[in-house]
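Please look at the structure before reading on.

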Amino acid sequence: MKKKLIIIGALVAVVAVALVGFNRYRASEKEKYTINFWSPLTGDDGAYMDKIVDEFNEQSDSDYKINHVITSDMYTKLSTVVSSKNGIPDLTLMHSYKVEEFVNSGILDTVEPLISYQPELEESNYLDTAWNAGKIGDTQYTIPLDIHASAMYYNQDLLEKYNVTSWLDDNIVTFDEMMSLAGKMDEGDYVVNNALLSWVILAQIRNLGGAISDDAGNPTVNTPEMKEALEKIKALTDAGLMTPYGEDGYLMFQGGNVLLSTDGTWTSTAHDAVEGLNWGVTNIYSTSDDIATNRAASHMFGMLKSESRTEEKKEVIAKFLEFVRTNSIEWAKAGQIVASKDVLESDDYKKYPQSFFTSTPEEEDTLYIFDYVYFSYVLEALDVYCTDIAYGELDLDEGLATMQQYVEDKIAEVAK
């Protein structure tokens, strides 16, 4: 009996080991045919991308499947896996302002292999602004998905109430036009909110002919143009025309108390869901009626360098990106300006509010992507300090000097 128990125990152990080995084999085989695609789409837009991925997988006859991994704090996690050379995603959706940084670090592959598999993944089939944001020198490192940009929404009923519908005749609302309502607003009503104020300020830098870096690559934040832009915005707050400090101007616009809301193309879906809000979209306000700028960025597909990415995976990735190019009307539902001309020129796309920004060549030119390698630090500095400066909580000159130093310190940290 004891001998039988020993034999049974041995058999159980053998079976258990075999099962472990089999399960490992299955997991290994599944991973072999999985294309891990990381994105930072932690908001509602993540669900739209999920749908695009699912539709591709369903129609694909390949054994390989795209696995969309929504990754919070994605850039920190990418740094970790790149350093360890373990777990690097096969495909990554990155922001345009990270491309040059990744190229300079030597961690980003070109997309030339993908274009060789799918020749339609080429410049003429995409918006110039989006395509060029992924080109460093003569080399293309990314395939664009979209442009997401500043947009200014207006309350049609309030424009009529204050008899200023003419502001929209040229689709450029100026500071002078907004200031003309000083002292004329009903209590609780405001001309403009402070949503995405840092993006608005960056637009004014271009409108004023300024820049955020010099020819040597040094940051230029403390400049006459930045000062003028902040002075003009502070004039709005001093006149009581901008929504109050610390209050949610975005919600105040949706509540019907603000003429103009400076948020993003993607918030059109939220505004559309507000019952009774009679809204439209135009360009971000400007220093002059001669120029309009809508600060923009782009979501871009790229491949971080990885020894484990096979040619078979690259071929399927290329097929996926070609599928996105021709089937990204789903992405338009997220309020994004789709980069694919196939979609942009379709009748279906024209029903979306953001189609305004590609309705004419002149309007396309308003979409401006800053290509400074340290752009993210400039934006970060503005996000931290610009609201306090605009509302007089921080002295203007002190704030300019502080922002300049903030960016210089961030750059110095990277250089260590």
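In this predicted model, helices α17 and α18 are roughly antiparallel to each other, because their angle of about 155° is over 145, the limit for that description. Helix α17 covers residues 375-390 and helix α18 covers residues 396-415, and their axes lie 9 Å apart. The crossing of these two helices is right-handed. On the α17 side, the contact is made by Y377, V378, E380, A381, L382, V384, Y385 and I389. On the α18 side, the residues are L396, G399, L400, T402, M403, Y406, V407, K410, I411 and V414. Sorted by class, this contact has 14 nonpolar, two polar and two charged residues.

Helix α17 also packs against helix α9, which spans residues 197-207. Their axes come within 8 Å and cross at roughly 105°, so α9 and α17 are roughly perpendicular to each other. From α9, L197, S198, W199, I201 and L202 take part. They meet F375, V378, L379, L382, D383, C386, T387 and A390 in α17. By class, ten nonpolar, two polar and one charged residues make up the contact of α9 with α17.

A further partner of α17 is helix α10, residues 224-238. The angle here is about 50° and the axes are 9 Å apart; α10 and α17 are therefore oblique to each other. M226, L230, I233, K234 and T237 of α10 make the contact with L382, C386, I389 and A390 of α17. This contact has seven nonpolar, one polar and one charged residues.

| Helix pair | Angle between axes | Axis distance |
|---|---|---|
| α17 and α18 | about 155° | 9 Å apart |
| α9 and α17 | roughly 105° | within 8 Å |
| α10 and α17 | about 50° | 9 Å apart |

What are the bounds of the domains into which the chain is divided? Domain 1 takes in 34-148 + 297-361, and domain 2 takes in 149-296 + 371-415. The centres of the two domains, taken over C-alpha atoms, are separated by 29 Å.

How many residues of each domain are in contact with the other? In domain 1 there are 16, and in domain 2 there are 20. Between them the domains bury about 1300 Å², with 67% of that area on carbon and sulfur atoms. Y97, F356 and F357 supply 38% of the area that domain 1 buries against domain 2, which is more than any other three residues.

How values were computed. Residues are numbered from 1 along each chain as its sequence is written. This is a predicted model: local features need pLDDT of at least 70, side-chain atom pairs count only at pLDDT 80 or more; totals for chains, interfaces and linings use all residues. Side-chain values use heavy atoms; hydrogens and water are left out. Axes are lines fitted to C-alpha atoms, for helices over the stretch in contact, and angles run from 0 to 180 degrees between N-to-C directions. Helices (H or I, at least four residues) and strands (E, at least two) are DSSP runs, numbered from the N terminus. Angles under 35 degrees count as roughly parallel, over 145 as roughly antiparallel, 65 to 115 as roughly perpendicular and the rest as oblique. A crossing is left-handed if the near helix is turned anticlockwise from the far one by less than a right angle, and right-handed if clockwise. Contact means heavy atoms within 4.5 Å. Ala, Val, Leu, Ile, Met, Phe, Trp, Tyr, Cys and Pro count as nonpolar, Asp, Glu, Lys and Arg as charged, and the others, Gly among them, as polar. Domain bounds come from an automatic or database domain assignment. Buried area is the accessible area (1.4 Å probe) that two parts lose on being put together, summed over both.
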